[in-house]
Amino acid sequence: MLESYVPILILLGVTLANAVGMVVLSHLVSPFRPTPAKLEPYESGMTPLGDTRERFSVKFYMVAILFIVFDLETIFLLSWGVVMRSLGWQGFIAALIFIVVLTVGMIYEWKKGALEWE
Amino acid sequence: MHDMGALTGAPWLIAMLIKVLVVFFGTMVVVALLTLMERKVSAWMQDRLGPNRVGPGGLLQPAADGLKNILKEETYPAHASKLFFVLAPMLAIGPALITFAVIPFAAPLPTPWGLVDMIVADLPIGILYILAITSLGIYGIVMAGWASNNKYSFLGGLRAAAQMVSYEVSLGLSLIPIFFLAGNVTLTQIVWSQQQELGWWYAFPLGLSFLFFVISAFAETNRLPFDVAEAESELVTGYHTEYSSMKFSMFFIAEYSNMVTASALMATLFLGGWDIPFFTFDNMRVIAPGIVEGAEPAWWKTLLTFGAFGIKTLFFIFLFMWVRWTVPRFRYDQIMHLGWKVLLPSALAYVTFMAAAILTLDTLGVPFDFWYGLILTGVNLVPTVLFLVLIDRDRVIGGTAPAARRSGPLPQGITATRRPNADANVERENQEA
C-alpha cells in the first residue's frame, strides 16, 4: 500500500528542486541595483503611510472559524457518502440528524450576522 | 479478465520515473502554452490579433517571456520578511504541480514487461489527497501577501484566504454525491463507474453537483469572476504586487497549473475522465497489478483515451478563459454571499436530496445500470430547475449595493438605468466627434 506513495515523493522532490532552481537561477543571472525608491513598498507612487501589519477586519477570523466547522462536516459526510448505499435508510437518518444539527448552527450564525459583508 | 503481467523491479521503477517526469514536464509545457492560449483567446474574443511576432503564430512567445523573466532584476522590498518573501512562490508552485499525480489520464498501456497504469500514483485515498494538497496552495498566497509588507498585497492575501476557505466547503460538499454513486474515493474507480458500472457521465445524474463544483473550482483557482485577490482595478495585482522577475513568474505558473488540474479534475469527476463516449472498447479497469477487467488493453486504446482526456480538459480550460471575458468581477460581499448563503445551503440540501433519491431507487430494486442513471438524471432535473429559478439573481449576485437596497424603491421619476439627459449627452458627443 505505502509504495504507491513513492511516486508522489519523487514528484514532490522534482517540484521542489524546480522551485528552488528557478529562484536560485534568476538570483544568479539577474542584475540587482537597489535604490531607496525602488525598495519602497508600492503604493501607487505615494509615499507609504504607516505600517501594513495593523489590525484588520475580524470578519476574516470569523470566516476561518466557520470554515473549520463546515469543513469538518464535509469530511464526516464524505466518509458517510462512500458507504451510503450499503448503510441504507438507517445511515441516511443518522446523517440527516447530523446535517440538521449543523444547519441549526448555521441558521444561528446567519441570524447573528456572521455572514454579512457590508 | 485479462492478465497482462504485473510490472515489477527495474521496469516498474523506470516506468514510474518516466511517468513522473512526463507529468511534471507535461504540466510545465501545457502551462507555458496556456499563457499563450490565454492571450490568443483574449485577443480573439476582443477582435485583436494577439501575440504573433515571436515564432510562427507567436508560438515562441512563452519561451521569450520565460527568458525575460529570468533575466529581469529582482527586488526585495524594504521591511519585507525576506525568508517568507522567497518561500511564498515556492509554496504556491509546489502543491499546484503535485496535485495532478492522482488523476488517471489514459487507459492502461500493455508493454512487454507488464501493464503500465496511466496514472502517477493510484492512491487509495484519491480525492482526499487532492482536497488536502490544493488547500495547501492558500499558504503560498497568504504568505506572499503578509511578507511583502505592502497594503495591496496584504489585502489581496487576506481576501484570497477567506475566499478559498469559503469555497472549499462547497467544493467538498459537491463531491459527496459522486461517492454515493462511485462508492470509492479513488479516481480510477470513479472513472470506471462512469464508463461501465453506471454508464453515465456524472454530469448528467449529478448535474447540480457539477454546477457547484465548477463554480467552486473557479473560486479556488482565483480566476475571474472570483479574482478579487488580484483585482487589478482595486489592488494593483493583489498578493504579488511586490514580486518581480522569476518569482512573479512562479505565481503565474502556479495559477495556470491550478487551472490545468482543476480542468482535469472536472473532466475526470463529471465527464468520465479518459472514457470515450458510446464505445465499449475502452471500458477497462485494473483490479490488481497486471490484471484488467473489461476490454483488452492495447496501445492504440491508450492513445485514443489520452486524446479524449485531453479534449475534455482543454474544453474546461477554454471555459475558464471564456468566462473570464464574459462575466465581470464580483464584489467581495457578493462572493461571500454566494459562497456561504447560496452554495453551502444548496449543496447540503442537494446532498440530502440525492441520498434520498438514490436510496429510494435502491429500495424499489432498480438495477444499477443505464435506466438507473436515466431515472436519476430525470430526478436531478427537479432540484436543478428549482435552484436556477429560486436563485434571485438580483439579490444574490446583482448590481444593487446592499445599502441602496435597504433604502427601498427609488423615488418616482428617477430610474436606475438611465440618466434623464443621457440622450442629450450622446447627441453632443456625436456632434463633437
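**Reading the model, term by term**

Modeller: Let us start with B:Ser245, which sits in helix α9 of chain B; helices here are DSSP runs of H or I with at least four residues, strands are runs of E with at least two, and both are numbered from the N terminus. This is a predicted model, in which local features need pLDDT of at least 70 and side-chain atom pairs count only at pLDDT 80 or more, while totals for chains, interfaces and linings use all residues. Residues are numbered from 1 along each chain as its sequence is written, and chains are lettered from A, ligands numbered from 1, in the order in which they are written.

Biologist: What makes B:Ser245 buried or exposed?
Modeller: A residue is buried if 20 or more other C-beta atoms lie within 10 Å of its own, exposed if 12 or fewer, and partly exposed in between, with C-beta atoms placed from the backbone. B:Ser245 has 23 such atoms within 10 Å, so it is buried.

Biologist: How do you know on which side of the cut-offs B:Phe278 and B:Trp300 fall, buried or exposed?
Modeller: B:Phe278 has 5 other C-beta atoms within 10 Å, so it is exposed. B:Trp300 has 9 C-beta neighbours inside 10 Å and therefore counts as exposed too. B:Phe278 lies in the loop between α9 and β4 of chain B, while B:Trp300 belongs to helix α10 (residues 299-324) of chain B.

Biologist: Why is α3(B) called largely enclosed?
Modeller: Twelve of its 17 residues are buried, so the rest of the structure largely encloses α3(B). Among them are B:Phe85, B:Met90 and B:Ile98. The buried residues of α3(B) pack against α1 (6-29) of chain A, together with α1 (9-45), α4 (127-147) and α9 (245-270) of chain B.

Biologist: And what span does helix α4 of chain A have?
Modeller: A straight helix of 29 residues would span 42 Å, but α4(A), residues 84-112, spans only 34 Å between its end C-alpha atoms. α4(A) also has a kink of about 75 degrees centred on A:Gln90. After α4(A) comes A:Gly113, with a positive phi near 90 degrees.

Biologist: How do you know how far chain A is from a compact globule?
Modeller: The globule rule is 2.2 Å times the number of residues to the power 0.38, and the radius of gyration is taken over C-alpha atoms. For 118 residues the rule gives a value near 13 Å, but chain A has 25 Å. Its C-alpha atoms fill a box of roughly 70 × 50 × 15 Å along the principal axes, and 20% of its 118 residues count as buried. Chain A has four helices and zero strands.

Biologist: How many residues of the two chains are in contact?
Modeller: Two residues are in contact if their C-beta atoms, placed from the backbone, lie within 7 Å. By that test, 65 residues of chain B are in contact with 53 residues of chain A. On the side of chain B that touches chain A, α11(B) gives the most, with 14 residues.

Biologist: Finally, what makes β1 and β4 of chain B edge strands?
Modeller: Strands pair if DSSP finds at least two bridges between them. The open sheet has the order β1-β5-β4 in chain B, with antiparallel pairing. β1 (2-3) and β4 (284-288) each have a single partner strand, so one side of each is left without a neighbour in the sheet. Four bridges join β4(B) to β5(B), residues 291-294, and the partner of B:Arg285 in β5(B) is B:Glu293.

Technical notes
The expected span of a helix is 1.5 Å times one less than its number of residues. The bend at a residue is the angle between axes fitted to the seven residues ending there and the seven starting there.
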